[in-house]
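Please look at the sequence and the model shown here before reading on.

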Amino acid sequence: MSCKSPEVCQLNPPKTGPHSPGIGASAPVEKRFAFRPALGSIGSGLRFAGSVLVDLCLPRSCAGCQRIGAHSHSSWCLECWKKIPWAISPLCPRCGRPFTDSPDSPDHLCGECIEPTFHFDTARSAVLHEGIIRTRIHQFKFGAQMEWAPPLVELMEIAYAGWGLPAPDLIVPVPLHPKRLKERGFNQSGLLAGEFARRIKAPVSFDILVRKNQTRPQTRLSRRERLENVKGTFEIPDARRVRGRRILLVDDVFTTGTTLNECAAILKRKGRASEVHAITVTRALPG
Ligand SMILES: [Zn+2]
Ligand SMILES: [Zn+2]
């Protein structure tokens, strides 16, 4: 059987090119059973597995325009690919904020990073939080449309390839509180992190970082409120698993960076991680 999906097919994986994610073996998982809490329920896991199977068996449709068989090496057709709003230079080399209003300027530190406020060493987002990609993130996160996870991770993988970050020792998703996990049925960051780790062949852990307090949704909060909202939210049950390691945090959207910052703070202070970096699918710029 010929496989139409290079993302899940392990036969003849493409090796180079802008649409060619690293494909192949599963990522080593620190504790295999730890994937279950990330999924939240067997139902969610089955739906995710189902979407992968559908992807294997049917001609792929474009993740943007949904035309069937639009491209054989990517989840996106060429037309949609050309419209992807990449979060590229000029940007802040530390937090990855793109300067879309001054496209001819060189890379330079943003206002947040001139006097460092972030605990993570660096961060990058693949694309701007707008248009069809914003829609797909919402459908994935709030509508449990699992089929959008691989196309979103594909964007993250392209951004990672251009970043030049040394290989991480461990991929860690931003955790959900168990109550929120039960309501939603899955942790969107966990699913993205698992798929991302599989593609870049890095170990992933879903239980190194846990959320001990349930916070209000950050969406409508000011920056100051966001900082207060996430303070003391995260915990590391076993700091020995973090010490001296280069951690790459994964989340869906970077808005003010407060959640990622709080995760990085505890990974460094309590866990004594040697480095903490962060990658997200999208970057929401302040309006
Ligand atoms: Zn398309
Ligand atoms: Zn910055």
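What share of the contacts in the protein chain with a separation of 6 or more is accounted for by residues 24 or more positions apart? The share is 71%, where two residues are in contact if their C-beta atoms, placed from the backbone, lie within 7 Å.

This is a predicted model, in which local features need pLDDT of at least 70 and side-chain atom pairs count only at pLDDT 80 or more, whereas totals for chains, interfaces and linings use all residues. Residues are numbered from 1 along each chain as its sequence is written, and chains are lettered from A and ligands numbered from 1 in the order in which they are written.

The protein chain holds 10 helices and six strands; helices (H or I, at least four residues) and strands (E, at least two) are DSSP runs, numbered from the N terminus. Of its 287 residues, 39% are buried. A residue is buried if 20 or more other C-beta atoms lie within 10 Å of its own, exposed if 12 or fewer, and partly exposed in between.

Helix α8 is mostly covered, with 12 of its 13 residues buried. Among them are L191, L192, F196 and the charged-type names E195, R198 and R199. Just after α8, K201 adopts a positive phi of about 60°.

Helix α10 is largely enclosed by the rest of the structure, because nine of its 12 residues are buried. These buried residues include L260, C263, A264, I266 and L267. Their cover includes the strands β1 (122-128), β4 (234-235), β5 (246-254) and β6 (275-283), together with helix α9 (223-230).

Two packed helices are described by the angle between their axes and the distance between the axes. Here axes are lines fitted to C-alpha atoms, for helices over the stretch in contact, and angles run from 0 to 180 degrees between N-to-C directions. The axes of α9 and α10 are 9 Å apart, and the two helices pack at an angle of about 35°. In this pair, α9 passes α10 in a right-handed crossing; a crossing is left-handed if the near helix is turned anticlockwise from the far one by less than a right angle, and right-handed if clockwise. R226, L227 and V230 of α9 make the contact with T258, T259 and E262 of α10.

A second pair consists of α5 (residues 131-143) and α6 (residues 149-163), whose axes come within 10 Å and cross at roughly 130°. The two are therefore oblique to each other, since angles under 35 degrees count as roughly parallel, over 145 as roughly antiparallel, 65 to 115 as roughly perpendicular and the rest as oblique. The crossing of α5 past α6 is left-handed. On the α5 side R136, I137 and F140 take part, and they meet A149, P151 and L152 in α6.

Helix α6 also contains A159. This residue counts as partly exposed because 19 C-beta neighbours lie inside 10 Å. Leaving aside residues up to four places away in sequence, A159 touches R124, A126 and I279. A159 and A126 are 33 residues apart in sequence, yet their C-alpha atoms are 5.0 Å apart in space.
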